[in-house]
Amino acid sequence: MRKKQLFGILALAMVMAGCENVPSASLPSSNPSSSPTSSSAPTSSSSFVGKEDGIVTLYSINDFHGKIAQDSQYNGILALQGAILQSEEYESSSLVLSSGDMWQGGYISGYDKGESTTRLMNEFPFVSMALGNHEFDWGVEQIQHNQEVADFPFLCANLVEQATDERPEWIEDHTVVEAEGHKIGIVGAIGAGLESDIKASALKGFEFTSDLSVLREAYDACVEEGAEVVVLSLHDDARSAYTDSIQDSGIPFAGIFGGHSHSFQNEDDEKMPYVQGGCDSEGYSFMRIDLNDKTIEEIRYAYVDMDMAENAEAGFRETVETLIEERQAEPVGYIKGTWNRSRSANLVLKAMFETAKKYWPEKNYDETNLLAVHNTGGVRGEFPSSDGTIEITMADIQIVSPFDNEVVMLPQREVSGSALSGNYCYPDRYSLSGKTVDIVAIDYLLSDYPGNLFYSEGMLPLKGEGEESYIIYDVVADYIKENSTPDSPLDAADF
């Protein structure tokens with residue numbers, strides 16, 4: 001592959017190269033006998049010996065979504081580390097960063113709202129994380145809490161408080177790391193407009209500005225701190241309007257690590273080469289940078305296989321396996337058959353529908369006066385398939401429905417089939433189009449806009465045990481528990 005020229009203010013960078021120390025970190029040695037004794041801090045050093053002097057590989061993991069454990073559907077975090085350690089590009093100076101959406105999406109990670117995942121990222125180790133939209137699922141306070149346990153900075157240059165139009169003090173816009181005696185700048189950002197992919201209550205008071213001056217300021221700060229090259233860790237798709245505006249901005253980022261769209265993308269012919277490495281522990285992306293002549297030697301993504309977990313560092317393996325053992329989920333019921341995404345979504349909808357019927361028996365709900373609605377993006381996986389009856393746990397349920405969305409009732413809404421496009425519905429949305437019915441939905445869909453089908457005014461929350469909000473995965477778990485036995489499991493063919 002021909003080299004991609006890296007742009008930068010090289011004269012200033014060389015002048016500043018002797019400024020204060022900056023963080024440096026690398027993956028543990030791939031030799032199990034040299035595994036570190038620390039269980040939390042990244043390996044740090046002021047110098048590295050790489051395969052080639054001045055050649056440094058940066059790796060990025062995006063949209064991990066809490067897929068810590070390995071199972072029939074997901075490779076897991078050990079496979080990710082092992083894949084990087086055994087890759088031809090790996091060297092002792094290699095650095096790993098995240099381009100967002102690391103926590104939300106699995107039972108183990110969701111158990112403590114991403115704190116355990118953050119601690120695993122310390123030990124992996126990561127040098128930075130750009131915030132993704134799902135980092136906001138548990139609210140800004142949880143981001144701040146997880147930042148306190150992180151040994152690496154959270155980055156989001158374009159996060160601003162609406163009251164001040166300024167970036168909040170608790171989030172950084174950039175970091176500078178050291179490798180091979182050289183300094184590399186990392187700027188973090190999230191796609192402007194991705195507010196719509198976050199529950200409104202979780203992001204209240206904040207927004208993602210499209211003003212590119214904040215990225216320019218972060219880039220300049222990296223150079224002032226001695227960075228010879230600067231990369232952008234961006235939680236956004238290669239073809240988004242925001243990414244296109246960055247490509248046209250003239251800000252001389254060496255390249256862009258992307259995320260959000262769960263895609264394998266390699267746009268190496270752009271002004272700023274862009275790469276994204278899939279999602280859910282199925283891959284990663286990397287850039288090999290020649291710091292001698294400031295060029296990108298190689299930029300691409302790579303796939304991960306389950307058996308690559310064998311090459312994970314021994315101490316990290318022990319930490320991960322201990323966490324998995326501590327977070328074993330209890331069985332809640334029984335299923336059988338061949339499940340896919342559609343059938344799994346139908347079970348979620350049926351659970352919502354039947355729960356509303358049980359909650360308000362006086363309404364005499366049926367398929368003519370009640371509609372269950374769930375956004376398609378909120379159903380992330382499928383239930384495990386089997387020829388015979390198998391036990392299902394909350395961990396299995398949260399593979400399908402991982403988000404902490406509350407189940408709510410929206411009374412007397414006139415149904416529009418077109419307005420429901422992009423959502424799962426039971427019964428079929430067109431069968432009720434034009435009718436006025438009650439809608440049981442999740443609060444992710446709620447809107448403050450008057451007249452919207454999901455207008456929040458008049459909303460009635462469903463309550464679970466102890467009068468707490470009834471979360472969607474608890475609704476599904478209760479439905480499975482109440483409607484299945486070992487002799488009469490829920491059959492995929494019925495959904």
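Start at histidine 65, in the loop between β2 (55–61) and α2 (77–86). This is a predicted model. Check the backbone here: phi of histidine 65 is near 50°, a positive value in a residue other than glycine. Most residues other than glycine have a negative phi. Now show the surface. Histidine 65 has a relative accessible area of 1%, so it counts as buried.

Look in the loop between β13 (274–277) and β14.

Follow the chain into strand β14, residues 283–290, and select aspartate 290. Is aspartate 290 buried or exposed? Aspartate 290 is buried, at 8% relative accessibility.

**Two cis peptide bonds**

Select phenylalanine 124 and proline 125. The peptide bond joining them is cis, with omega about 0°. Proline 125 sits in the loop between α4 (115–123) and β4 (128–130).

Then select tyrosine 426 and proline 427. Here too the peptide bond is cis, and omega is near -5°. Proline 427 belongs to the loop between β20 (423–426) and β21. Most peptide bonds are trans.

**Salt bridges**

Side chains of opposite charge can pair when their charged atoms come close. How many salt bridges does the count come to? The count is 18.

Begin with aspartate 443 and lysine 199. Their side chains form a salt bridge, 3.3 Å from N to O. The two residues are 244 residues apart and link distant parts of the chain. Aspartate 443 is in the loop between β21 (436–442) and β22 (460–461), while lysine 199 is in the loop between β8 (182–190) and α6 (200–203). Colour both by accessibility. Aspartate 443 is buried at 11% relative accessible area, and lysine 199 is buried at 10%.

Move to arginine 239 and glutamate 267. Their side chains meet in a salt bridge of 3.6 Å, N to O. Arginine 239 lies in the loop between β10 (229–235) and α8 (241–247), and glutamate 267 in strand β12 (residues 264–267), so the bridge ties together parts 28 residues apart in sequence. Arginine 239 is partly exposed, with a relative accessible area of 42%. Glutamate 267 is partly exposed as well, at 23%.

Now pick helix α9, residues 314–326, and show glutamate 321 and arginine 317. They form a salt bridge, with the closest N and O atoms 3.7 Å apart. Why are they separated by about one helical turn? Because they are four residues apart in the helix. Glutamate 321 is partly exposed at 44% relative accessible area, and arginine 317 is partly exposed at 23%.

**Zoom out**

Finish with the whole protein in cartoon view. Its secondary structure comes to twelve helices and 23 strands. Of its 495 residues, 57% count as buried. Consider contacts with a separation of 6 or more: 77% of them are between residues 24 or more positions apart. The accessible surface comes to about 19,800 Å², and 45% of it belongs to carbon and sulfur atoms.

Notes. Residues are numbered from 1 along each chain as its sequence is written. This is a predicted model: local features need pLDDT of at least 70, side-chain atom pairs count only at pLDDT 80 or more; totals for chains, interfaces and linings use all residues. Side-chain values use heavy atoms; hydrogens and water are left out. A salt bridge is a side-chain nitrogen of Lys or Arg within 4 Å of a carboxyl oxygen of Asp or Glu. Buried means under 20% relative accessible area, exposed over 50%, partly exposed in between (1.4 Å probe, protein chains only). Contact means heavy atoms within 4.5 Å. Accessible areas come from the Shrake-Rupley method with a 1.4 Å probe; for residues, only the protein chains shown count as cover.
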